[in-house]
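Work through the exercises below with the structure open. Each task is followed by a solution in steps.

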Protein chains: 2
Amino acid sequence: MGRWEPGAAGRLREAALALYLERGFEQTMVANIAERAGVTARTFFRHFADKREVLFDASAELEEKSLAALEAAPAMASTLDLVAAALDATVDILGGDRVLARKRHTVIMANPDLRERELIKIAHMSAALADGLRRRGIGDTEASLAAEAGTAVYRVAYEQWVYAADDLDLRDAIRRSFAQLRTLTA
Amino acid sequence: MGRWEPGAAGRLREAALALYLERGFEQTMVANIAERAGVTARTFFRHFADKREVLFDASAELEEKSLAALEAAPAMASTLDLVAAALDATVDILGGDRVLARKRHTVIMANPDLRERELIKIAHMSAALADGLRRRGIGDTEASLAAEAGTAVYRVAYEQWVYAADDLDLRDAIRRSFAQLRTLTA
DNA sequence: CGCGTTGATGTCATCAGGTGACATCATCGT
DNA sequence: ACGATGATGTCACCTGATGACATCAACGCG
């Protein structure tokens with residue numbers, strides 16, 4: 001429907017990650033990304049709200065999938081098991097390409113602005129999970145705590161997975177992290 | 001030592017919070033804040049790294065105090081008790097003026113950019129606590145998990161305290177929140 | 001086939017956040 | 001009295017971000 005090469009958003013995503021890796025986030029100008037993707041800077045901002053968002057627009061999908069898993073979870077599961085089931089659903093999206101995950105993680109950790117964006121995405125997910133738990137009749141505080149604790153467990157496990165020397169499975173890492181939280185609070 | 005009214009930083013802090021409350025964060029320009037504080041915009045950026053930081057520069061003090069409390073904690077305490085002791089030390093700073101806390105919290109929650117900044121401050125504190133735990137010989141994963149769980153507990157309790165209708169004590173809220181986490185993972 | 005619609009993109013103008021370089025000047029120590 | 005100090009002002013400039021309007025290939029329809 002357009003006269004230009006299709007897939008501008010994808011090209012912008014790739015270009016951005018590559019440039020952020022090569023010269024760093026701050027040293028990369030939006031014009032650079034756009035140029036590499038064969039569009040103008042104005043077009044970048046039509047696809048992504050800002051310079052950071054280009055690394056995070058998969059988060060909506062993550063939230064959908066985990067909420068769906070939460071709905072589908074058995075009725076008699078414990079609160080923490082519900083959270084675990086919801087978060088497990090994201091592994092299909094995130095746990096596949098570890099090389100890509102490492103690149104992305106490296107870039108994000110190298111820049112506070114990107115880290116901020118990541119944190120608010122996680123917080124958004126946590127709030128959504130807490131809401132889902134409340135819809136299942138779980139109390140307010142318990143829902144918030146479970147969602148927060150669950151995402152914390154996930155974060156710790158994810159980082160271990162990304163940097164693991166051997167072929168760690170993300171699901172295993174998450175399971176072990178959950179077990180350790182239980183030990184910790186025992 | 002200057003020819004101008006002293007306390008520019010404090011005036012900027014007050015002016016910023018007031019304006020963010022009155023017209024919102026985005027609608028407030030740095031020039032507005034500076035004007036109300038009787039300085040120029042350039043001076044604002046000499047005191048605060050950016051427009052958001054003006055609400056968060058107490059976080060360094062929080063981190064110091066909580067780390068100090070962590071050092072001072074008894075040697076035989078459990079990991080989670082160590083975190084609890086560290087976080088308890090911040091109550092002296094945050095738990096005093098609830099009216100101010102509510103204003104600040106309202107402003108922050110109303111704006112995603114400010115929320116991002118708050119989250120990274122908390123994450124920084126959590127990382128510092130985890131480091132402190134590791135210096136006490138606690139394992140890597142356990143340290144991270146305990147710090148993350150502890151700050152999560154704190155966040156939930158803090159929000160309850162801020163919005164409580166009656167005269168809730170922040171310390172009590174935190175204690176109860178910790179207890180609930182223990183129940184949750186039991 | 002010709003034509004109007006559609007939607008993604010380009011172009012241009014403009015603003016606000018943020019920074020570097022240099023000037024200014026009250027206060028302090030000598 | 002005078003030079004050092006340090007906070008502030010002034011100016012120039014870059015980049016991120018947004019609104020308004022123009023452009024033009026593909027599509028559907030008569």
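Predicted model: local features only at pLDDT ≥ 70, side-chain atom pairs only at ≥ 80, totals over all residues.

**Exercise 1. A glutamate and its surroundings**

- Step 1: Look for a polar pair. The side chains of Glu116(A) and Arg117(B) are joined by a polar contact of 2.5 Å.
- Step 2: Glu116(A) sits in helix 8 of chain A, residues 112-135.
- Step 3: Classify burial. Buried means under 20% relative accessible area. Glu116(A) has 2% relative accessibility, so it counts as buried.
- Step 4: Check a pair within the chain. Arg52(A) is 64 residues from Glu116(A) along the chain, and their C-alpha atoms are separated by 9.6 Å.

**Exercise 2. A loop aspartate**

Task: Is Asp57(B) buried, partly exposed or exposed? Locate it and find its contacts.

Solution. 
- Step 1: Asp57(B) lies in the loop between helix 3 (41-47) and helix 4 (59-72) of chain B.
- Step 2: Asp57(B) counts as partly exposed because its relative accessibility is 35%.
- Step 3: Leaving out neighbours within four places in sequence, Asp57(B) contacts Arg13(B) and Phe48(B).
- Step 4: With Arg13(B), the side chain of Asp57(B) makes a polar contact of 2.3 Å.
- Step 5: Now take Arg182(B), 125 residues from Asp57(B) along the chain; the C-alpha separation is 32 Å.

**Exercise 3. Helix 1 of chain A**

Task: Compare the reach of helix 1 of chain A with its expected span, then find its buried residues and what covers them.

Solution. 
- Step 1: Helix 1 spans residues 8-23, which is 16 residues. From first C-alpha to last it reaches 22 Å, close to the 22 Å expected at 1.5 Å a residue.
- Step 2: Buried residues of helix 1 include Ala8(A), Leu12(A), Ala16(A) and Tyr20(A).
- Step 3: The cover includes helix 2 (30-37), helix 3 (41-47) and helix 7 (98-109) of chain A.
- Step 4: Just after helix 1, Gly24(A) has a positive phi of about 95 degrees.
- Step 5: An unreviewed UniProt entry annotates residues 6-66 of chain A as "domain: HTH tetR-type". Over residues 6-66 the chain is 64% helix and 0% strand.

**Exercise 4. The core**

Task: Which residues have the most contacts inside the largest nonpolar core?

Solution. 
- Step 1: The core has 72 residues.
- Step 2: Those with the most contacts inside it are Leu129(A), Leu133(A), Leu129(B) and Leu133(B).
- Step 3: Take Leu133(A). Among the residues it touches are Leu70(A), Leu82(A), Val83(A) and Ile138(A).

Methods:
Residues numbered from 1 in each chain as written. Chains lettered and ligands numbered in written order. Heavy atoms only, no water. UniProt positions renumbered as here; feature names shortened; annotations may be inferred. Helix = DSSP H or I, 4+ residues; strand = E, 2+ residues; numbered from the N terminus. Buried < 20%, exposed > 50% of the residue type's maximum accessible area, 1.4 Å probe, protein only. Polar contact = N/O pair within 3.5 Å; in protein donor to acceptor, adjacent residues only side chain to side chain. Core = buried A, V, L, I, M, F, W, Y, C linked by side-chain atoms within 4.5 Å. Contact = heavy atoms within 4.5 Å. Expected span 1.5 Å × (residues − 1).
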